[in-house]
Structure formats: C-alpha cells, structure tokens
Amino acid sequence: AQQQRNLDNIVSQHPRISGGKKSKKEVCASSDLEVKNTSPMSEQDSGILDVEDEDEDEEVPGAQDLVDFSPVYRCLHIYSVLGARETFESYYRKQRRKQARLVLQPPSNMHETLDGYRKYFNQIVGFFVVEDHILHTTQGLVNRAYIDELWEMALSKTIAALRTHSSYCSDPSLVLDLKNLIVLFADTLQGYGFPVNQLFDMLLEIQDQYSETLLKKWSGVFRNILDSDNYSPIPVTNEEVYKKIVGQFPFQDAELEKQPFPKKFPFSEFVPKVYNQIKEFIYACLKFSEDLHLSSTEVDDMIRKSTNLLLTRTLSNCLQNVIKRKNVGLTELVQIIINTTHLEKSCKFLEEFITNITNVLPETVHTTKLYGTTTFKDARHAAEEEIYTNLNQKIDQFLQLADYDWMAMEPGSKASDYLVDLIGFLRSTFAVFTHLPGDVDVHSTMSGKVAQTACMSACKHLSTSLMQLLLEAEVRQLTLGALQQFNLDVEECER
C-alpha cells in the first residue's frame, strides 16, 4: 500500500522516475506488503509494480514466499482422504480464532513509539493475509463468512485499542505519524476486500485529539514569543530589512514607505512572529487531513474550526496573561494595543491563506468564518482597562504622600510637592501616547482615543480622591490657611 501510494505520487508528479529503492527495501521487511499475487488489488497493480522491477531484480515477496503453507495443505489432504475433513476444518478455525485474539492484544507501552504501533498493525495484517491466502488456495478450509466474522472482531478490538492508546499521546508529530500508519493499514486491508470505513471514522476522532495536542504545543510557542518581545516598534535600517518584514506580515502604508531610512514599523516583533505561527499551525492541521478521503469543504471546515480555537482560546489566553502581568508597564500596554490592531487587520489575509490552500471559496454556504478578530478586540479592551487601572494605582501612590496640615495658619506659596510630581508623571505618561509611531489612522484613532479616555479616567479619579482627602473622618477641624493651600492644589490640577 505504501509503495502504491508513493508510485501514485510519483506518477502524478513526473511521468517516469525510477522508484526510491530505500522505501522498497524498508517496506519489504514489513508484512504490509504481502499483497503480491494474493488479492484482487495486487493483480491490477502488478503492471505498475513490474515497471518498477525492471530497475531492480528483487520481487516483492507475497504470503506464499514468506510462510510455508505445506503443513496445512498436507493435514487437509490426510483428513480428506480419511473422510474427516470437517473435523480438521473446525479444528483449524478454532485454533486460528485463538491466535487472532493473541495478535489483537496490544502491548501495554504501544503508545510510546511509532514502532509499537507498527508492530501491532503488522501482526494483524499478517494474520489476515495468511487467512486470505488459505481462502483462495484451499477449497473451503475457511470461507468468506468465517473471515468476515473474524475481521469484525478484529476491527472492534483494534479500534478500542487505538482509542485508548492514542489518548495518552501528547506529541502532535507522533499522532500524525500514527495517522499515516492507520491510513496505510486501512488501505492495505481494503486491497484484500475488507471493509475499513470504521477506521476512517475513528481517524476523525483522533483528529480532534491531534488538534488538542497542536493547541497545547502552540500555546508554548506563543508564550515564548510574547515573553521574549521587547514591546517597542521594529526599527528598519535599509530596504532589505523592510522587504523582509513586509514579506512576513501583510502590511502596507504609503506614508511609511516614503519616509527615509532609518524608520520604524508601528508594531513590535511579536506581530510578524505570531502571524507566521498561525500559518504554521494551519499547515500542521492540513497535514492530518491528507489521505483521509475527505472533501475539500470538509478539510476547509476542519482547518477553520481549529484555527478559530487557536485564536479565541490559545492566543487569547496568552495575550490576556501578558496584559495581566504584575510588572507590565504603560508603554508595553500601549504597544499591545497597537499590535493587536494590526493582527486584527491581518485576519482577512489568514482567511485568504486558508482559501488558497483548500480551494474552497469563503462564499460557500458551509464555510466557517474566522472569528479571530474578537480575540484581538478583547485583548485590546483588556489592555485599555489595564492602562486605566494602572494609572489610578499610580495616582493613589502619589496621594499617599499628601501631607496636609489642616491646622496651618498660612497657605504655602505654591502647590504641594506631591501634586507637582504627580502632574509631572501624568504629563510624561501622556507623552508616551502622543509619540506613538505608525500610520495616521491607527495613531490618531487608537492611541488618541485611549489617551483621551485615560486622561478622563485619571482626572476623575484624582478629583474624587482629593474630595475624599478633604472629607476624611480624621479631619475634625480646618483652618482657612489649610483650605487655601488645598485650593492652590486644585487650581494647579485645573491648569
């Protein structure tokens, strides 16, 4: 089956190429290929295989080359001559049923390596190849009904074993290799006329698990990218670097293009990195759906659903964790707001990317929409909220330094030191918002809006806090001097 698949690929890519010798030798060792001369499939394929064999002398061994069947034939002959053929038939079938049960017992550590699975499949294929050969070479020692019944049992036991063992697997590449192995296993047995639809149905279950292992893996990938980012705009010194980044991330800005070097992209490193990792994830999803005999709409639907989970669950959690971190500063939060705006815009390019891979147009009735944009909107709102909370906490820290002498006879000549420092801090903070790089629309609407709201929220918080200072229960008495000092401070705020 593996050779057949390789040949189909070769024939579809190049009209004539001598087959890879390595794969042939490798595969000969396994009983996956005991197909020759024993099944309807091998007869129709032998033409193609023979073309290959012009290059090499080795024939693919069939069941009759690998197993000595003469003892069975001899027994059958002796019992027949003695008129006790039925006794031998029932004895043979009973013994083979016992052996089938042994063959179908998976080793306990099968899930640890691909070889464990390979050995298990080879045993089962070998068993049924032998029975198929007996069916075709003895008149009725076994019949189709007996073999079908055995296959039913084998199928349910194999599927149960695979469900159990594959659920232990946390490595996506091993799950992918296992899928390829199951497909070969199914194709091989289908070549002998065994029904294998249930195996393909089970592969769709394994696919959900593959998606989960991928999501876990990408969670780590995103965490690393976000942790190692410097949260400052990417500087570009020459055309080459500029083109490289525009090649990695769909970004167009006529204004920025006109600017002389050195210049800066509005977003930080994590934008192109995250974007590329989303594309890598889409490729990884696609790998699983190959050879599963799925329609392109089913493949498209599967990829979109997994990608939605990647965005709305995995990436969303990673972004929220960064935003909620203890030591995250305002500049970083502002940069996250800019980054998520650019990633949100890139979602339509990801839609196109999937469409190009699966050839299913997004207008098709069944296609799932990518709703990743909500992920970036949510992250942006969280970052904004964090900015407002952050600012208010800073204001509270300055207010703790407020030390009014409520019994002062005379007011001071200027506003209190703590307040002058606080206003200085707020001024430099809002400068962060106004010095943001980037295209005019993002710059003005986004940082402008955030800065305005932050300013409103800071002023509101400050005025409420000042009012509370004045009305505190401990303050039993006030002099006019103290009130005049307080008034100086309020005027300073207004100014």
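Predicted model: local features only at pLDDT ≥ 70, side-chain atom pairs only at ≥ 80, totals over all residues.

Which residues does leucine 330 contact, once its neighbours within four places in sequence are left aside? They are Ile387, Asn390, Leu391 and Thr429. For asparagine 390, 60 residues away from leucine 330 along the chain, the two C-alpha atoms are separated by 7.7 Å.

Helix α13 (residues 270-289) is one of them: its axis and that of α15 (residues 330-358) come within 10 Å and cross at roughly 25°. Because angles under 35 degrees count as roughly parallel, α13 is roughly parallel to α15. The crossing of these two helices is right-handed. On the α13 side, the residues in contact are Phe270, Val271, Val274, Tyr275, Ile278, Lys279, Ile282, Tyr283 and Leu286. They meet Asn339, His342, Leu343, Ser346, Phe349, Leu350, Phe353, Ile354 and Ile357 of α15. Sorted by class, the contact of α13 with α15 comprises 14 nonpolar, 3 polar and 1 charged residues.

Helix α14 (residues 296-323) is another partner of α15, with the axes 11 Å apart and an angle of about 170° between them. Angles over 145 degrees count as roughly antiparallel, so α14 runs roughly antiparallel to α15. From α14, the contact draws on Ser296, Val299, Asp300, Ile303, Arg304, Thr307, Leu319, Val322 and Ile323. From α15, the contributors are Leu333, Ile336, Thr340, Glu351, Ile354, Thr355 and Thr358. The contact of α14 with α15 divides into 8 nonpolar, 5 polar and 3 charged residues. Ile354 of α15 takes part in the contact with α13 and also in the contact with α14.

The cysteines are a separate matter. How many disulfides does a search of the whole structure find? The search finds 0. Cysteine 459 is in no disulfide, and its nearest cysteine sulfur, that of cysteine 455, lies 4.2 Å away. A disulfide needs the two sulfur atoms within 2.5 Å. Cysteine 459 is partly exposed, at a relative accessible area of 48%.

Definitions and conventions: Residues numbered from 1 in each chain as written. Heavy atoms only, no water. Axes fitted to C-alpha atoms, helices over the stretch in contact; angles between N-to-C directions. Helix = DSSP H or I, 4+ residues; strand = E, 2+ residues; numbered from the N terminus. Parallel < 35°, antiparallel > 145°, perpendicular 65-115°, else oblique. Left-handed = near helix turned anticlockwise from the far one by under 90°. Contact = heavy atoms within 4.5 Å. Nonpolar A, V, L, I, M, F, W, Y, C, P; charged D, E, K, R; others polar. Buried < 20%, exposed > 50% of the residue type's maximum accessible area, 1.4 Å probe, protein only.
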